[in-house]
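Visitor: I would like to learn how to read salt bridges in a protein model. Please take me through it step by step.

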Amino acid sequence: MANWADESDIRKILAGCRTWAVVGLSNNSGRAAYGVARFLQQHGKRIVPVHPSAETVHGEQGYATLADIPFPVDCVDVFVRSELAGEIADQAVGINASAVWFQLDVVDPDAYTRTTAAGLTMVMDRCPAIEWGRLGPS
C-alpha cells in the first residue's frame, strides 16, 4: 500500500476538522459510510450526508451535492468508487474545504496531486475510525 498521507496530516485532519461532509452516506446501515459517520458524530464531529437522495442520516440533513451545502465544510470524506472520487475531490476544492479523505480502497493518484496542489490536506486509502484508534485526534 502506498503511503498517501503521513501521520501529521492524519492527526491534523482528525483534530482540526469539525464539519465532515460524508459523500455516499445514506440510511443503509450495512454500508461502511453509515458506521464511520456515526463514529465521527460520537467523537464530536458534525457530519453532513451527501448523497443523490439527500436523506437525513443520524439526525443530520442531507444534501444532493457538496455545492448544495449552505455552510462551510472542513473535510470531505469520500465513500465512492475510485473512478468517481477524483470529481468529488475537485468539488471539495471548489467549496473551499480544507481537507479531503478518501476511504479504504478509494485511490486516485491524479486527484491526490490536484487536491494537494490546491492547498488541501489529503488522506487516501485510510479510514478515520481506524486512524482515530491508532493515532488519536491530536
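**Reading the salt bridges**

Guide: Glu7 and Arg11 both sit in helix H1 (residues 7-16), four residues apart, about one turn of the helix. Helices (H or I, at least four residues) and strands (E, at least two) are DSSP runs, numbered from the N terminus. This is a predicted model, where local features need pLDDT of at least 70, side-chain atom pairs count only at pLDDT 80 or more, and totals for chains, interfaces and linings use all residues. Residues are numbered from 1 along each chain as its sequence is written, and side-chain values use heavy atoms, with hydrogens and water left out.

Visitor: What do the side chains of Glu7 and Arg11 meet in?

Guide: A salt bridge is a side-chain nitrogen of Lys or Arg within 4 Å of a carboxyl oxygen of Asp or Glu. The side chains of Glu7 and Arg11 form one, at 3.7 Å, N to O.

Visitor: Is Glu7 buried, exposed or partly exposed?

Guide: Buried means under 20% relative accessible area, exposed over 50%, and partly exposed in between (1.4 Å probe, protein chains only). Glu7 has 37%, so Glu7 is partly exposed. Arg11 is partly exposed too, at 29%.

Visitor: How many salt bridges does a search of the whole structure find?

Guide: Seven. Arg46 is partly exposed, with 37% relative accessible area.

Visitor: Which helices hold Arg114 and Asp90?

Guide: Start with the contact: the side chains of Arg114 and Asp90 meet in a salt bridge of 2.9 Å, N to O. Arg114 belongs to helix H4 (residues 109-117) and Asp90 to helix H3 (residues 82-94), so the pair ties together parts 24 residues apart in sequence. Arg114 is partly exposed at 38%. Asp90 is partly exposed at 35%.

Visitor: Which residues do salt bridges with shared partners join into one network?

Guide: Glu7, Arg11, Arg126, Glu131 and Arg134.

Visitor: How many helices and strands are there in the protein chain?

Guide: Five helices and five strands. From the N terminus, the order is α-β-α-β-β-α-β-α-β-α.

Visitor: What share of the residues counts as buried?

Guide: Of the 138 residues of the protein chain, 48%.
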